[in-house]
Amino acid sequence: MKKTKWTLMTGAASLGLLAACGGEGSGNSGSGDGDQITLDIFQGKVEFRDQFLEMAAQYEEENPNVQIEFGAVGGGSDYFTSLRSRFSSGDEPDVFSLAGPSELADYQDYAEDVTDLEATDTALAGTLDGITVDDRVYGIPFNQEGYGLIYNKQVFEEAGINPDDILSYEDLEEAVQTLDSQKEELGIEGVFALPGSEAWVMGNHLANVYLAPEFNNDVMEAYESDTVAFERSDEMQRMLDLQNEYSIQPVLNMDYSQQVEQYFSLGDAAMIQQGDWIYPTLQQMDPEFAEENVGVLPIPLEGEEGKVPVGVPNYWVINSNADEEVVEAAKDFFDWMYASEEGIEVVQEQLNFIPAHENFDPDNINSSLSRDIYEYSLEENTIGWIFLGYPTAWGDDFGAHTQEYLAGERDWEDVIEAGRQEWESSR
Amino acid sequence: MRNKDLTFWLFLTPVIIALGAVVVIPLLAGFFYSFTDWNGLTFNNFLGLDHYMRLLDDGRFLSSLWFTIQFSVVTVLLLNVFGLGLALLVTQKLKSSNLLRTIFFMPNLIGGLILGFIWQFIFISVFSDLGDLFGIAGLDGWLTTGTTGFWGLVILTTWQLAGYIMIIYIAYLQSIPEELLEAAKVDGANPFQRFRNVTFPLVAPAFTISMFLTLSTSFKIYDQNLALTDGGPFNSTEMVAMNIVYTAFSSNEMAYGQAKAVIFFIFVAVIAVSQVYYNKKKEVEM
């Protein structure tokens, strides 16, 4: 009899445990005392996790009743996978990040309207376009990012090249040939390091430069377009060929970390096509090199010379399903972060990025690359980021086709044709 | 009925609940969702067999399936050859046999992701350095083509799992009675004949288990694939599991991915069951 009772209890206990695991546990249920609010933030930029945590700690100090829990998963699709599983399992974060209109469309039901926030009010012109539906804003821009050809100043100087003179494709080609002819003396292994195994470098970033004019630099126009004409495909081919021909080989198994850490930061490559997000990595390898020795060149585009693609990579979205008080706390937090004096100060100290909000002082930006790109952005020498308006996964697929081209298994015409068709069929 | 009293079922409850929650319910839910337009969060319509019809024209899925089949055939073969070979080696009366067993088993203790990255380094950097050193062009540019990617995956998987299969063979090899081998020896059988006619038939049950294990593992491989090649270059080394993940999570077609998973499940189940059935028939009783 006693035995049966014990089994019953064990059974009940294990049931209870299971129930506890399966329960809603969305992290905001509060921990006993009613005033404590836990903000569960989940986002896809693992690069600024540490700095963000420090910033959050500062906020917690000033607002003892708010506790910020921060989760980050790196790399576009991995983050999106985790986010989706968190939503479908009921473990919804209170704040999450989305990249643009097509992601917003999936999560529209969960996105809190933030049109009236101060942090949206002070956002720079154009930075809200990708997250606005019918004049309502559903997200707060993280920051801005830009990319181009990041070059090693010392190598350029030794080769006698003035980066300011490089505007057109012909200028660039000439500079590349000069560099290539002096490889030995300059101590470089190749002019470029093209990470062929990263489909997004070609499919998203490179293609964006040549597709943006077609959509008037407007991500929403790309998002709403049923077709892509690819008018400038020849220019893209030319640029890809140039990068491939003068790159450290073999390109097809080179990945991002090899490109940035192994080749560029150690001075083996003179130039790489990347963005200001590589700054923390460069800084870790060699702070002096990162600060003094890198600059950014625009990717040449006919008729649009001297422009750098700048855009908002991510938006903070508040989960409208969260408890009222949690939503309010999240709003307060972002107002503090982007629109209050002390918040801005902390953000500038901690995060190396190009601000997407007013009231930031460009001189206080920590990263040399971000400062350079911010300058382009102030002078409005920018190309839009329309790749966030591609059909879902189109960039990856197109990137894969360019890999086939690089491997010599597919003609360029064929690559472009496949790109056009896939765009149409997924719209 | 002794085993049907209350206590029996109570003891089983946790397992049944756990199994139901993580295996049975998801499986049934998966079947269900594959007939709808589920996007991971909500679904609105029943589509019937639409997803399954679409599969027939999905070139990328079919080529990943074909790649997986090729991969499985080669790895199953290699794994069993190496597994049995290693087992025979360490059951010889060698001084170092215990050490060797540990060493051969070791790769199996490392996670597939880490192994993938280690071998990526070997294939890309070490291979090309060796190639430059000895002037062997074939060692350059590994993982830049579908073929080298394929063999890279085969080598990685074989290296990782051979030790595990070895353990299974060891267990069976050690259970073979000495008398049988001795009797064969007295009858004048040479070592090869002894292996062919005595040892081999008696380890046949191990084949059943190992074949089943290797077949189902090599079909379902994901982490090694992800870490080593990530499907690249241009998706030529993408296996079915990875294709399913890509469809579901990158292309955001949850229900379509689910339909692929259902087909994949049936495929693996049929192959595994028929293989076990066939091998069982061939086993000898001692």
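# Report on a predicted two-chain model

A:Glu112 is buried, its relative accessible area being 18%. The structure described here is a predicted model. A:Glu112 is found in the loop between H4 and H5 of chain A. Leaving aside residues up to four places away in sequence, A:Glu112 touches A:Val137, A:Tyr138, A:Ile318, A:Ser320, A:Val327 and A:Lys331.

## Salt bridges within the chains

Side chains of opposite charge can pair when their charged atoms come close. Over all chains, a search of the whole structure finds 18 salt bridges.

| Salt bridge | Closest N and O atoms | Sequence separation |
|---|---|---|
| A:Asp113 with A:Arg136 | 2.8 Å | 23 residues |
| A:Arg238 with A:Glu302 | 3.2 Å | 64 residues |
| B:Asp58 with B:Lys260 | 3.3 Å | 202 residues |

The salt bridge between A:Asp113 and A:Arg136 has its closest N and O atoms 2.8 Å apart. This pair links distant parts of the chain, with A:Asp113 in the loop between H4 and helix H5 (118-121) of chain A and A:Arg136 in strand E5 (residues 136-137) of chain A. A:Asp113 is partly exposed, at a relative accessible area of 26%, and A:Arg136 also counts as partly exposed, at 32% relative accessibility.

In the salt bridge of A:Arg238 with A:Glu302, the closest N and O atoms are 3.2 Å apart. A:Arg238 lies in helix H11 (residues 233-245) of chain A, whereas A:Glu302 lies in the loop between strand E10 (294-297) and strand E11 (308-311) of chain A, so the pair ties together parts that are 64 residues apart in sequence. The relative accessible area of A:Arg238 is 25%, which makes this residue partly exposed; A:Glu302 is partly exposed, with a value of 42%.

In chain B, B:Asp58 forms a salt bridge with B:Lys260, and the closest N and O atoms are 3.3 Å apart. Because B:Asp58 lies in the loop between H2 and H3 of chain B and B:Lys260 in helix H12 of chain B, the pair ties together parts that are 202 residues apart in sequence. B:Asp58 is buried, with a relative accessible area of 16%, and B:Lys260 counts as buried at 2% relative accessibility. In chain A, salt bridges that share partners join A:Asp40, A:Arg86 and A:Asp91 into one network.

## The interface of chain A and chain B

Contact between the chains involves 29 residues of chain A and 25 residues of chain B. The size of an interface is often given as the accessible area lost when the parts come together. Chain A and chain B bury about 2300 Å² between them, and 65% of this area is on carbon and sulfur atoms.

The rule finds one salt bridge across this interface. In that salt bridge the side chains of A:Asp397 and B:Arg60 meet, at 3.0 Å from N to O. Four residue pairs are in polar contact between chain A and chain B, counting pairs with both residues at pLDDT 80 or more. On the side of chain A that touches chain B, the elements giving two or more residues are helix H1 (2-22), helix H3 (76-88), helix H4 (101-107) and helix H18 (394-406) of chain A. The residues of this side divide into twelve nonpolar, ten polar and seven charged.

## Buried positions in chain B

Helix H2 (residues 50-57) of chain B has the buried residues B:His51, B:Tyr52 and B:Leu55. Seen down the axis of H2(B), these buried residues fall within an arc of 100 degrees, so they line one face of the helix. The face of H2(B) turned away from its buried side carries the exposed residues B:Met53, B:Leu56 and B:Asp57. Among the elements that cover the buried residues of H2(B) are helix H3 (59-91) and helix H12 (254-282) of chain B.

B:Thr157 lies in helix H6 (residues 146-174) of chain B. This residue is buried, with a relative accessible area of 0%. Residues up to four places away in sequence not being counted, B:Thr157 touches B:Phe71, B:Thr75, B:Leu79 and B:Ile221.

## Backbone features

Most residues other than glycine have a negative phi, and most peptide bonds are trans. The peptide bond from A:Gln249 to A:Pro250 is cis, with omega near -10 degrees. A:Pro250 is placed in the loop between H11 and helix H12 (256-264) of chain A.

A:Asn217 has a positive phi, near 60 degrees. This residue is in the loop between helix H9 (199-211) and helix H10 (219-224) of chain A, and counts as partly exposed at 33% relative accessibility. B:Asn235 has a positive phi of about 65 degrees although it is not a glycine. The loop between helix H10 (223-228) and helix H11 (240-250) of chain B holds B:Asn235, which is partly exposed, with a relative accessible area of 24%.

Conventions:
Residues are numbered from 1 along each chain as its sequence is written. Chains are lettered from A and ligands numbered from 1 in the order in which they are written. This is a predicted model: local features need pLDDT of at least 70, side-chain atom pairs count only at pLDDT 80 or more; totals for chains, interfaces and linings use all residues. Side-chain values use heavy atoms; hydrogens and water are left out. Contact means heavy atoms within 4.5 Å. Buried area is the accessible area (1.4 Å probe) that two parts lose on being put together, summed over both. A salt bridge is a side-chain nitrogen of Lys or Arg within 4 Å of a carboxyl oxygen of Asp or Glu. A polar contact is a pair of N or O atoms within 3.5 Å; within protein, one must be able to donate a hydrogen and the other to accept it, and residues adjacent in sequence count only if both atoms are side-chain atoms. Helices (H or I, at least four residues) and strands (E, at least two) are DSSP runs, numbered from the N terminus. Ala, Val, Leu, Ile, Met, Phe, Trp, Tyr, Cys and Pro count as nonpolar, Asp, Glu, Lys and Arg as charged, and the others, Gly among them, as polar. Buried means under 20% relative accessible area, exposed over 50%, partly exposed in between (1.4 Å probe, protein chains only). The arc is that of the directions from the helix axis to the C-beta atoms.
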